[in-house]
Every structure is written in C-alpha cells, then in structure tokens.
Amino acid sequence: QMIADQQTHSLPQAPQERARLAYAMGFPDWDAFYAKLDEHRARVAAVFTGIFHSTGETSAAESQTAHLNDLLDGQLPETQALTVLRKLGFNDGAAALEALRRFRGAHQVRHMGPEARERLQRLLEPLFKAVAQTPDVEETLERVLDVLQSIVQRSVYIALLCEYPDALSQLVRLCSSSGWIAQYLQAQPILLDSLLDPRFLYELPDRQTLGARLQERMQGLSGEDFEQQLNALRHFKHEQVLRVAAVDVKGDLPLMKVSDQLTWLAEAVLEQVHGMAYREMVRKYGRPWCTREGGADGEGYEPELAVIAYGKLGGIELGYGSDLDVVFLHNSGVEGHTLGERPVPNEVFFARYGQRMIQLLGTQTVSGVLYEVDPRLRPDGAAGPLVGSFHGYAAYQRDRAWVWEHQALVRTRLIVGSSKFSLEFEALRAEILRRERDLVKLRAEVRDMRNRMKAELARGSQGSFDLKQDRGGITDIEFIVQYGVLAWARDFPELTRYPDNIRILEQFERCALLPAEQARFLSDAYRHLRGKIHRLALQGRQAVLEDASSSRSWIDGVSGIWNRLMEV
C-alpha cells in the first residue's frame with residue numbers, strides 16, 4: 001500500500017520487493033522476516049482458536065473446512081499449513097503450499113468478487129479430497145489450480161464444479177493424467193461443460209458420424225457471419241480433441257485410433273472451411289468457369305480447388321497440436337475467368353480462395369486458432385504460388401522435383417475435392433512413385449537428405465535421445481519406407497496404394513521386399529517410438545528421452561536395419 005498506493009493485503013512475490021520489505025522491517029533478508037512473521041501469526045491464530053473453538057462445538061469437518069479456507073487466504077502459519085496439507089495426503093507439503101501461494105497471488109484470484117470467493121471456498125474441500133486420491137498429488141494440485149486460475153473471474157464455472165461432483169472428479173482425473181490436457185482446459189475453459197456427462201465425454205464417433213455432427217452444428221448459422229461460424233468450428237474442434245484425449249489417457253484407445261480420430265476431425269474442419277471460403281469468393285467474383293477448347297459459347301465446366309494432404313495429415317498420423325501440411329491445387333485452364341459482376345481470372349480467384357482458407361484456419365482469437373497450416377511443400381516452396389494449377393504441379397513433379405519431394409509424395413492424398421480430381425491426383429502420384437530409378441543414386445540421395453536433417457534438426461544431447469531425428473528414431477523408419485517405395489514400386493505397383501507407414505511396411509513383407517522379421521520389427525518399433533512421442537506430448541514435453549534405456553533395443557534394431565539397407 002505504501003509503495004504503490006494499492007488496496008492490497010498480500011505480501012509481495014517479486015524477490016526485489018520482498019528484499020525491500022524485509023529491510024524496511026529491520027531484517028537482513030526475506031527468510032528471517034518471514035520466520036518472525038510466522039511466529040506473530042501463530043500467536044494470533046492461537047488466541048483466535050482459544051476464543052472461538054474452545055467450546056468443543058466445532059466438528060472435525062468444520063475444522064478442516066476452516067483450515068482450507070485459511071489456507072486459501074494465507075492465514076495459517078507455515079508450520080500449521082504444512083501439517084494440514086500432510087493430513088490431507090500431500091507428502092510434499094512445501095511444494096503444495098508454494099503452489100497455493102502462487103495461486104493466491106495471481107491477479108485473477110486477488111481480484112475475485114465476494115460471490116466467486118465464497119464459491120471457491122466451497123469447492124476447496126471436495127477438490128483437495130479428489131486431488132489427494134491421485135498418484136502425484138502435488139503435481140495434480142498445481143495443474144488443477146492453474147485451471148481454476150483461468151476461471152475464477154467466471155463464477156459460473158466455479159459454480160458448475162461445486163454443483164456437479166462428477167465434473168470436478170473428471171477435471172482432477174484428467175489433470176492428473178496429462179499436463180497437456182490441463183493446459184488445454186486452462187486455455188479453453190468453456191470445455192468444462194463437456195465434463196458434466198462422462199458418457200458423452202468418453203464416446204467417440206466414427207468418421208461419418210463426426211462429419212455429420214459438425215455439419216449439423218454449422219446448420220442455421222449465418223453464411224456471412226464468419227466470426228460466428230469460426231467460433232462454432234473452434235468449439236467443436238476443441239470439444240472433440242478433449243474427448244479423444246480423455247479416452248486416450250483412460251487407456252481405451254490405441255495410438256493408431258487416436259491418429260484416426262484427430263485426422264478425421266481435421267478433414268471435417270477443412271471441408272467446412274473449404275465451403276466457407278468458396279461461398280465468399282463466389283459472392284465477390286462469381287463462379288469460376290472454363291470454356292472447353294473448341295466448344296461453343298457456354299460449353300465448359302466449373303473448375304475446383306483441391307486440398308492435398310502431406311506429412312502426418314497425409315499419412316493419417318496426426319497428433320495433438322500437429323500442423324497441417326497441405327498443397328492447394330486447381331484444375332482450371334489458363335484462359336478461364338469468373339462469371340460474376342466483378343469477373344477476375346480463375347487463377348486470381350483460386351489464389352484468393354486458398355489465401356482465405358489459410359486465414360480462416362489460422363485466425364487468432366481468444367479461443368486460439370483452428371489449425372496452423374504449412375503450405376511450404378508446394379512446388380518451388382515459398383517462391384512458388386500459394387495455389388497452383390494441377391497441370392503445373394504435374395509438370396513440376398515430372399521434370400523438376402527433387403528426390404526428397406518424391407519422398408514426400410509417398411505420404412500424400414487428396415482430402416478435399418471431387419472424386420474425379422482425386423482419381424487424377426492418384427494417377428499422377430502413382431506415375432511418379434512407380435518410375436524406374438538408379439538405385440545406387442537413389443540410396444545416396446535419400447541417405448544424404450537424412451544426414452542433413454539429423455545434423456540440422458536433432459535435439460538430443462549426450463545422454464538423451466531425440467525420438468524423431470536421432471539415429472534409430474522415427475525418421476530413419478520413415479526414410480526406409482520412402483526409399484523402398486521409390487526403389488521397388490515400378491515392379492510392385494501395390495506399394496503406392498496407401499500413404500501410411502504401417503500399411504506400406506505390411507506391403508513390403510507381403511511382396512517379400514524385406515524379410516518378414518525386419519518388416520514386422522520396423523512396424524513394432526514405429527508404434528513403440530510414436531507411442532513414446534505421444535505420451536510425452538500428453539505431458540506437454542518435447543519428443544526427447546532423457547533416459548533411452550527402455551527403448552534401446554528398438555533404437556539399435558532400427559539402426560541395424562538402416563545400416564544394412566542404406567549404408568551399402
């Protein structure tokens with residue numbers, strides 16, 4: 001109050017401010033000051049207890065609730081606070097007490113209204129009891145408090161957790177299971193509504209049902225109110241991701257099914273955004289149109305924009321928070337133009353169409369973005385047009401693409417566009433992947449690109465292991481698969497049927513291109529390493545193992561197969 005003329009009754013948190021206060025009070029440092037302060041507070045607390053609790057009328061439950069309220073308000077001496085926390089099941093009471101201090105000192109908590117504070121106090125006892133039942137009570141408490149900090153100014157959410165014990169139980173369980181889920185709920189508190197009905201939370205739709213539900217959610221929204229539509233899309237996406245993660249941490253969903261669910265969700269969202277952008281472009285410029293060569297006036301077709309998925313989206317291997325690697329292509333002729341009152345060349349129409357899709361997907365709001373989009377895999381990279389013609393893309397793949405771009409083509413598929421466009425793309429993809437190649441030269445180029453990636457991207461250090469980029473990791477397996485498709489697809493065209501690594505490895509075994517034990521080992525190693533990455537992601541951590549001993553046999557096995565196949 002003296003320093004900044006603020007209406008505050010909280011001790012400072014910043015080290016410099018603490019040192020200043022301790023010095024002003026005649027102490028050499030903060031610890032000495034705080035120890036003396038605790039002595040004074042303990043004597044005051046003893047007098048208070050003697051006056052108000054000496055009749056014996058206070059029950060044990062009331063006493064515990066009072067202690068919890070005092071913990072929240074910072075009124076208990078430290079020694080007594082630690083005792084209360086240990087009785088509640090917190091073995092490391094000091095860590096829990098520090099988490100409470102940070103929570104109490106947060107701006108949102110300090111400025112709570114009386115009603116919100118009263119509701120928060122009612123929530124404390126069931127909250128602490130639920131947290132005390134988790135495997136790591138201190139870490140769970142810290143995560144739950146972070147979520148509460150994001151909602152204390154919205155008393156309706158605190159009321160929800162007070163009135164619905166199942167919702168509180170689910171919140172604690174999810175925060176205990178995953179730091180990533182805790183951060184997700186903290187960023188999207190509206191998702192707390194999803195915790196009300198565990199049956200809904202843990203029920204996952206199939207692909208068709210998922211798309212139908214999103215379509216139903218979008219019906220009735222104004223076609224020109226993009227903010228309303230985007231908010232609906234974001235909420236649907238966040239809600240669905242939470243449901244996938246909830247089933248995932250419960251242990252009821254294999255890794256590949258997690259990726260299926262997240263991939264289907266991205267595809268459904270892309271379909272909606274594709275339609276939103278198309279309708280906006282048509283309102284501005286009219287429909288794109290191409291007159292058929294040699295045809296009469298009016299004879300022609302309406303060209304379209306297709307979305308080609310690369311990488312994890314193309315390979316049906318999306319994880320939590322994955323970017324979308326995509327390429328936009330149109331099938332318009334050079335001379336076409338739109339039919340509206342403000343006609344523009346079709347190439348301009350489709351360029352703005354693709355730009356609008358990226359804007360809609362990446363618009364930053366308080367609820368985040370739908371998806372980060374990476375379009376850099378298009379022909380000529382960042383120097384090339386954002387939306388290219390299919391004809392130009394085909395010419396590039398046939399005549400100018402690097403080997404690494406053909407490697408990337410292994411994990412591609414058309415995910416938005418007509419069936420006719422999809423067939424044309426698949427025919428081109430098969431043509432490129434089934435080319436005859438000089439295997440010695442191919443092996444050298446694939447190996448050189450792999451070594452360059454490891455040198456530039458690996459984050460492992462002495463004693464740790466980068467699950468993606470270090471030797472024996474995920475990228476080695478992916479490059480083995482890509483080399484195999486480029487090397488053998490001419491004689492075994494079935495290798496181009498699928499874009500995902502596991503099914504391609506199954507084809508290698510079926511065609512006897514790799515010994516069965518090697519193909520199966522690579523599949524199992526891929527699942528194991530991806531599982532490690534996945535579990536680390538759920539804890540909000542990078543894909544680096546500090547101790548790789550539990551994965552050493554997989555790492556060494558992948559390295560051995562790489563050496564036998566690629567280092568000859």
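Guide: Cys 511 counts as buried, at 13% relative accessibility; buried means under 20% relative accessible area, exposed over 50%, and partly exposed in between, with a 1.4 Å probe and protein chains only. Cys 290 is likewise buried, its relative accessible area being 5%. The count of disulfides comes to 0, a disulfide being a pair of cysteine sulfur atoms within 2.5 Å. In general terms, a disulfide is a covalent bond between the sulfur atoms of two cysteines.

The model is a predicted one, in which local features need pLDDT of at least 70 and side-chain atom pairs count only at pLDDT 80 or more, while totals for chains, interfaces and linings use all residues. Residues are numbered from 1 along each chain as its sequence is written, and side-chain values use heavy atoms, with hydrogens and water left out.

We turn now to Asp 500, which is found in the loop between α22 (474-488) and α23 (501-510); helices (H or I, at least four residues) and strands (E, at least two) are DSSP runs, numbered from the N terminus. Asp 500 is buried, with a relative accessible area of 10%. Its side chain makes a polar contact of 2.8 Å with the side chain of Arg 503. A polar contact is a pair of N or O atoms within 3.5 Å; within protein, one must be able to donate a hydrogen and the other to accept it, and residues adjacent in sequence count only if both atoms are side-chain atoms. Leaving aside neighbours within four places in sequence, Asp 500 is in contact (heavy atoms within 4.5 Å) with Gly 315 and Glu 317.

The helix α22, on one side of that loop, has 15 of its 15 residues buried, so it is largely enclosed by the rest of the structure.

Ile 316 belongs to the loop between α16 (311-314) and β4 (324-330). The phi of Ile 316 is near 55°, a positive value in a residue other than glycine. Asp 380 also has a positive phi, near 65°. Asp 380 lies in the loop between β6 (373-374) and β7 (387-389) and is partly exposed, at 41% relative accessible area.
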